[in-house]
Amino acid sequence: MIPDLGKYAGAVLGSYAVTIALLLGLVAVTLWRSAKVKRALAAQEARMGQGDG
Amino acid sequence: MIALLARDLALAVRAGGGFGLGLAFFLIVVTLVPFGVGPEGGVLARIAPGILWLGALLACLLSLDRIFALDYEDGSLDLLATAPIPLEGVVTIKAAAHWITTGLPLVAAAPVFGILLHLEGAGFFWLTASLALGTPALSVLGTFGAALTVGLKRGGLLLSLLVLPLYVPTLIFGAELVRRGVAGMETTTPLLMLAGITAATVALVPFASAAAIRVNLR
Amino acid sequence: MSIWEYANPKKFMQTSAWALPWVAGLTLVTLIGGLVWGFFFTPDDYKQGSTVKIIYIHVPAAMMAINVWAMMLVTSLIWLIRRHHVSALAAKAAAPVGMVMTLIALITGAIWGQPMWGTWWEWDPRLTSFLILFLFYLGYIALWGAIDNPDTAADLTGVLCLVGSVFAILSRYAVNFWNQGLHQGASLSLDKEENVADVFWYPLVVSITGFVLLFLALVLIRTRTEIRARRLQALETRERMA
């Protein structure tokens with residue numbers, strides 16, 4: 001499955017792993033904060049009795 | 001404008017922080033370096049230009065947060081902003097006062113501290129020249145950082161984080177000038193670059209600082 | 001119909017809600033496609049062996065690191081001149097993405113440099129400039145975080161972005177002067193002579209497209225979050241006043 005990377009396998013796999021981890025982390029933080037703010041805004045709007053937004 | 005300069009200088013001297021503290025800090029840095037890297041003269045002579053420049057830079061940083069903070073707290077910055085002189089002028093004067101109280105003593109003391117670090121012959125001249133040319137830029141850039149953080153309660157650390165990257169070009173050309181001077185290499189390029197950066201900084205950055213102060217006073 | 005209509009937060013929210021699924025979907029396709037193509041289906045370089053595969057993340061990340069800052073500069077200028085809130089918020093939303101891209105470029109560069117140059121880190125002009133760029137991102141993000149009033153924060157970070165851009169470029173030339181580098185020239189340029197070979201080039205282009213789209217998707221989501229956060233703040237203030 002994984003191509004033969006020769007003696008540099010650690011370097012190549014390491015870079016891909018670090019990059020994917022960092023990007024996934026960034027996406028996760030972004031989505032998490034987005035969901036949190038969205039929920040807080042919805043709650044606030046419901047409390048103030050206006051459903052628009 | 002001269003009155004403002006005199007007032008800032010008097011305040012700095014009376015507060016005691018100006019002349020003394022920066023120099024003492026510079027001396028401490030220079031004293032600590034041999035403890036860190038060992039006492040061999042050869043090593044010290046090699047790193048002396050860089051250490052002296054770094055020490056000057058950090059000593060300069062130390063007093064930046066006071067440039068506008070006191071005036072902001074007691075409200076005199078609002079008065080200065082509405083005064084007949086433009087705010088850009090006020091910023092320039094403030095930078096000049098900061099330079100006279102911090103930069104100028106550093107320039108004067110650097111050769112003496114150079115002896116402690118085994119700086120070589122031609123190095124003394126080039127060190128003094130490069131600091132004299134470079135430190136005004138440090139003060140003016142400092143006003144920019146101080147202007148950005150003037151409204152913040154604890155802006156000291158943030159101020160360093162904002163200002164230090166802006167110091168990179170000055171530091172590079174300043175230390176390179178001394179290094180080349182010591183090695184007897186061609187010095188015109190770093191000399192002109194250092195002078196050019198300082199000139200451009202002094203001419204343009206006060207506009208950015210003044211803009212930042214106006215935002216903070218809004 | 002002018003581009004400035006998107007400066008209206010409501011209009012921006014509508015358009016971005018429509019565009020987001022498309023951008024996100026395309027991001028998945030191109031990013032995964034480019035990386036899988038690069039990782040599994042490209043030959044090794046005769047000199048660099050399999051480490052050439054790192055190019056498919058290093059080069060796009062490095063390009064984005066610089067271009068994100070350029071985008072922040074443009075949006076900051078739009079905010080400072082025309083005072084469109086969405087523009088300032090987009091700059092705020094983009095900064096962490098740019099910082100992560102810079103970090104990826106630095107880390108993958110170090111991992112690549114270890115077997116190739118025999119060292120993790122070299123004070124090479126390109127590496128050093130990226131480190132300085134990373135510091136600029138840190139300062140910019142820290143300033144956003146430190147100021148409570150959103151308009152003040154937008155103004156001050158905008159000015160910082162302008163001054164920072166000038167000094168980032170200046171640092172680039174200063175660093176060039178200070179040390180000659182190990183880093184090879186541009187991998188991509190209009191000058192065909194300098195370019196990498198076609199086998200590496202096509203997956204690289206797909207991968208770059210993936211990174212650009214990923215950035216776009218993230219900035220859209222983050223800007224939407226910022227707009228909602230602003231509205232939330234406004235509503236809370238109004239409630240406290242009432």
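The predicted model scores an ipTM of 0.85 and a pTM of 0.87. Within chain C, the mean pLDDT is 84, and 87% of the residues reach a score of at least 70. Among the elements of chain C, the highest mean pLDDT, 91, belongs to helix H2 (residues 55–82), whereas the lowest, 87, belongs to helix H6 (residues 198–241). In residues 189–194 of chain C the pLDDT falls below 50, and this stretch makes 4 contacts in the model once near neighbours in sequence are set aside. Where pLDDT is low, the predicted coordinates should not be read in detail.

Chain B is made up, in its secondary structure, of 9 helices and 0 strands, and its order along the sequence is accordingly written α-α-α-α-α-α-α-α-α. The C-alpha trace of chain B extends over about 55 × 35 × 30 Å along its principal axes. The radius of gyration of chain B is 18 Å, which agrees with the value near 17 Å that a compact globule of 218 residues would have. Of these 218 residues, 51% count as buried.

In an unreviewed UniProt entry, the annotation "transmembrane region" is assigned to residues 12–37, 43–64, 96–117, 123–150, 157–178 and 190–213 of chain B. Residues 123–150 of chain B are 93% helix and 0% strand, with 38 Å between the end C-alpha atoms. Residues 190–213 of chain B are 100% helix and 0% strand, and here the end C-alpha atoms are separated by 33 Å. Helix H9 of chain B, which runs over residues 188–217, contains B:Ala211. With 22 other C-beta atoms within 10 Å, B:Ala211 is buried, because the cut-off for burial is 20 or more such atoms. The C-alpha atom of B:Ala211 lies 43 Å from that of B:Val37, a residue 174 positions away along the chain.

Chain C is likewise described by helices, with 6 helices and 0 strands, and its pattern along the sequence reads α-α-α-α-α-α. Buried residues account for 45% of the 242 residues in chain C. Among contacts in chain C between residues at least 6 apart in sequence, those joining residues at least 24 apart make up 77%. For chain C, the unreviewed UniProt entry places the annotation "transmembrane region" on residues 20–42, 54–81, 93–115, 127–147, 159–179 and 199–221. Over residues 93–115 of chain C, the model is 100% helix and 0% strand, and the end C-alpha atoms stand 36 Å apart. Over residues 199–221 of chain C, the composition is 100% helix and 0% strand, with the end C-alpha atoms 34 Å apart.

The largest nonpolar core contains 147 residues, of which B:Ala56 and B:Ala212 touch the most other members. Helix H3 of chain C (residues 85–117) supplies the largest share of this core, namely 17 residues. Leaving out residues up to four places away in sequence, B:Ala56 touches B:Phe26, B:Leu106, B:Ala110, B:Leu131 and B:Thr135.

There are 2 pairs of chains in contact, and of these, chains A and C share the most contacts. The contact between chains A and C draws on 25 residues from chain A and 30 residues from chain C. On the side of chain A that touches chain C, the residues comprise 14 nonpolar, 8 polar and 3 charged. In the contact between chains B and C, 20 residues come from chain C and 18 residues from chain B. On the chain C side of this contact with chain B, the elements that give two or more residues are helix H4 (125–146) and helix H5 (150–178), and H5 of chain C gives the most, with 12 residues. By class, that side of chain C holds 16 nonpolar, 3 polar and 1 charged residues. Chain A and chain B, by contrast, do not touch, and their nearest C-alpha atoms are 23 Å apart.

Technical notes: Residues are numbered from 1 along each chain as its sequence is written. Chains are lettered from A and ligands numbered from 1 in the order in which they are written. This is a predicted model: local features need pLDDT of at least 70, side-chain atom pairs count only at pLDDT 80 or more; totals for chains, interfaces and linings use all residues. Two residues are in contact if their C-beta atoms, placed from the backbone, lie within 7 Å. Helices (H or I, at least four residues) and strands (E, at least two) are DSSP runs, numbered from the N terminus. Ala, Val, Leu, Ile, Met, Phe, Trp, Tyr, Cys and Pro count as nonpolar, Asp, Glu, Lys and Arg as charged, and the others, Gly among them, as polar. The radius of gyration is taken over C-alpha atoms; the globule rule is 2.2 Å times the number of residues to the power 0.38. A residue is buried if 20 or more other C-beta atoms lie within 10 Å of its own, exposed if 12 or fewer, and partly exposed in between; C-beta atoms are placed from the backbone. A nonpolar core is a set of buried Ala, Val, Leu, Ile, Met, Phe, Trp, Tyr and Cys residues joined through C-beta atoms within 7 Å. UniProt positions are given in the numbering used here, feature names are shortened, and annotations may be inferred rather than shown by experiment. pLDDT is the predictor's confidence in each residue, from 0 to 100.
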